[in-house]
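Subject: Model handover

Hello,

Here is the structure to look through. Please open it alongside this email.

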Amino acid sequence: MKTSNDREWADIRRLIENDKAGAWAEMDSHVHPAPSSASSRRRFYPRLAAAAVVLLAIVGLIFLSRPGNDPVTIDQLPFFASAGKSIAHGEPSPREREMGRRLAGWITLVNREASPSVPSAEISNDKDIKNRETMLERLFLESTQHQEV
Amino acid sequence: MQNAMTIHAVPGAGSEKAEEKRETLHRHLLEQRRDVFLLCLGFTGNPSDARDLAQETFARALARPAVLPEEAYRPWLLRIARNACIDHERRRRIRRIFMPRLAPDEQDRQTPDNNLDRDLGIARVRAAIRSLSRPLREVLVLREYGELSYREIAAALDLKQGTVMSRLNRARDAVIRMVKEECHEDQQ
């Protein structure tokens with residue numbers, strides 16, 4: 001003969017069984033077989049193509065939505081925009097400044113060396129051209145060495 | 001009382017025998033995953049914690065592979081699961097001491113699992129089992145969730161069968177009493 005405790009425990013046991021069945025079903029539904037590498041590859045290329053198409057569409061929309069369809073110049077591209085901005089605002093970078101300084105020094109030296117020996121700006125013959133080239137090369141080397149020192 | 005589970009180390013990796021034993025272990029892990037998960041559920045009362053602990057159990061089993069008789073794998077795995085659950089409970093208790101706000105009780109935690117758990121009866125039973133003392137809870141969970149026999153429970157917990165049966169009776173009485181009290185409180 002079953003006592004009241006047995007009956008109550010039977011009810012609780014039924015709840016435990018329900019709990020186990022529900023939790024296991026839920027747990028089992030979370031476990032998915034890992035896709036094979038072949039099927040992953042099969043899915044990869046269409047996805048890559050779709051992503052490329054979307055990207056191209058976005059770029060196209062950006063270009064088409066420009067006011068008045070003005071042609072795009074290089075300084076409007078993101079990569080060059082900062083450089084263009086600094087030049088426009090008269091703020092050369094340190095490298096540009098250094099190059100300018102070198103160029104100015106070099107021109108000064110050329111003028112100093114060239115003025116006594118070259119009375120005219122016109123170059124009359126091949127020998128003069130050769131001499132000028134040699135001299136410029138020497139001066140450039142000297143100025144470079146001077147800058148390095 | 002030592003049970004019949006004699007654990008030997010798996011011999012050198014790479015040999016055919018070791019490979020065969022590893023495959024045997026993997027097969028047993030797959031076969032027992034349901035029981036391991038349900039045992040962890042019984043201890044924690046929370047499916048997401050039970051999932052984590054089942055994974056931890058398998059990781060521990062794979063880290064210390066053993067060569068056992070066929071019938072001994074299940075109690076061995078369930079014992080590892082029980083140890084993992086006890087460690088988890090200890091960690092949770094320590095977290096609750098130092099960070100009471102960061103580590104609330106699982107019963108109060110609003111997880112998707114808890115949201116899905118609409119059956120009030122199940123929630124009451126889970127809460128009642130969780131509030132049992134550890135000796136009573138271990139026996140009850142191993143019996144009801146792990147579905148171990150009295151002999152297997154006795155072997156796993158290193159107890160006499162009589163002790164297992166008396167603890168089981170006390171645990172059942174306590175759960176019935178707590179569930180009844182909960183029902184009365186809700187009715188009032």
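Below is what was found, starting with confidence and ending with single residues.

The predictor gives the complex an ipTM of 0.72 and a pTM of 0.53.

Chain A has a mean pLDDT of 71. In that chain, 56% of the residues reach 70 or more. Confidence in chain A is highest in helix H1 (residues 4–30), at a mean of 84. It is lowest in helix H3 (residues 78–88) of chain A, at 56.

Chain B averages 79, and 80% of its residues score at least 70. Helix H6 (residues 134–144) of chain B has the highest confidence in that chain, at a mean of 91. Strand E1 (residues 8–9) of chain B has the lowest, at 47. Over residues 1–13 of chain B, the pLDDT is below 50. That stretch still has 19 contacts in the model beyond near neighbours in sequence. Residues 106–110 of chain B also stay under 50. For them the model has 9 contacts beyond four places in sequence. Where pLDDT is low, the predicted coordinates should not be read in detail.

**Chain B overall**

Chain B has 8 helices and 2 strands. From the N terminus, the order is β-α-α-β-α-α-α-α-α-α. Of its 188 residues, 32% are buried. Take the contacts in chain B with a separation of 6 or more: 68% of them join residues 24 or more positions apart.

**Helix H3 of chain B and its partners**

Helix H3 (residues 73–98) of chain B packs against two helices described here, H1(B) and H7(B).

Start with helix H1 (residues 16–44) of chain B. The axes of H1(B) and H3(B) come within 9 Å and cross at roughly 35°. The crossing is right-handed. H1(B) contributes B:His28, B:Gln32, B:Asp35, B:Val36, B:Leu39, B:Cys40, B:Phe43 and B:Thr44 to the contact. From H3(B) come B:Tyr73, B:Arg74, B:Leu77, B:Leu78, B:Ala81, B:Arg82, B:Cys85 and B:His88. By class, the residues of this contact are 9 nonpolar, 4 polar and 3 charged.

Now helix H7 (residues 150–157) of chain B. The axes of H3(B) and H7(B) come within 10 Å and cross at roughly 55°. The two helices are therefore oblique to each other. H3(B) passes H7(B) in a right-handed crossing. On the H3(B) side, the contact uses B:Pro75, B:Leu78, B:Arg79 and B:Arg82. On the H7(B) side, it uses B:Glu152, B:Ala155 and B:Ala156. This contact has 4 nonpolar residues, no polar ones and 3 charged ones.

How many of the 8 residues of H7(B) are buried? The count is 6, so the helix is largely enclosed by the rest of the structure. They are B:Glu152, B:Ile153, B:Ala154, B:Ala155, B:Ala156 and B:Leu157.

Most residues other than glycine have a negative phi. B:Glu147 is not a glycine, yet its phi is positive, about 55°. B:Glu147 sits in the loop between H6 and H7 of chain B. It is partly exposed, with 15 other C-beta atoms within 10 Å.

B:Asp158 follows H7(B). Its phi is also positive, about 60°, and it is not a glycine. B:Asp158 lies in the loop between H7 and helix H8 (161–187) of chain B. Is B:Asp158 buried or exposed? It counts as exposed, with 9 C-beta neighbours inside 10 Å.

**Chain A and the interface**

The contact between the chains takes 14 residues from chain A and 18 residues from chain B. The side of chain A that touches chain B has 7 nonpolar, 2 polar and 5 charged residues.

One residue of chain A is worth a separate check. A:Ile107 lies in helix H4 (residues 94–117) of chain A. A:Ile107 is exposed, with 12 other C-beta atoms within 10 Å. Its C-alpha atom is separated by 9.6 Å from that of A:Leu139, which is 32 residues away along the chain.

Best wishes

Note on methods:
Residues are numbered from 1 along each chain as its sequence is written. Chains are lettered from A and ligands numbered from 1 in the order in which they are written. This is a predicted model: local features need pLDDT of at least 70, side-chain atom pairs count only at pLDDT 80 or more; totals for chains, interfaces and linings use all residues. pLDDT is the predictor's confidence in each residue, from 0 to 100. Helices (H or I, at least four residues) and strands (E, at least two) are DSSP runs, numbered from the N terminus. A residue is buried if 20 or more other C-beta atoms lie within 10 Å of its own, exposed if 12 or fewer, and partly exposed in between; C-beta atoms are placed from the backbone. Axes are lines fitted to C-alpha atoms, for helices over the stretch in contact, and angles run from 0 to 180 degrees between N-to-C directions. Angles under 35 degrees count as roughly parallel, over 145 as roughly antiparallel, 65 to 115 as roughly perpendicular and the rest as oblique. A crossing is left-handed if the near helix is turned anticlockwise from the far one by less than a right angle, and right-handed if clockwise. Two residues are in contact if their C-beta atoms, placed from the backbone, lie within 7 Å. Ala, Val, Leu, Ile, Met, Phe, Trp, Tyr, Cys and Pro count as nonpolar, Asp, Glu, Lys and Arg as charged, and the others, Gly among them, as polar.
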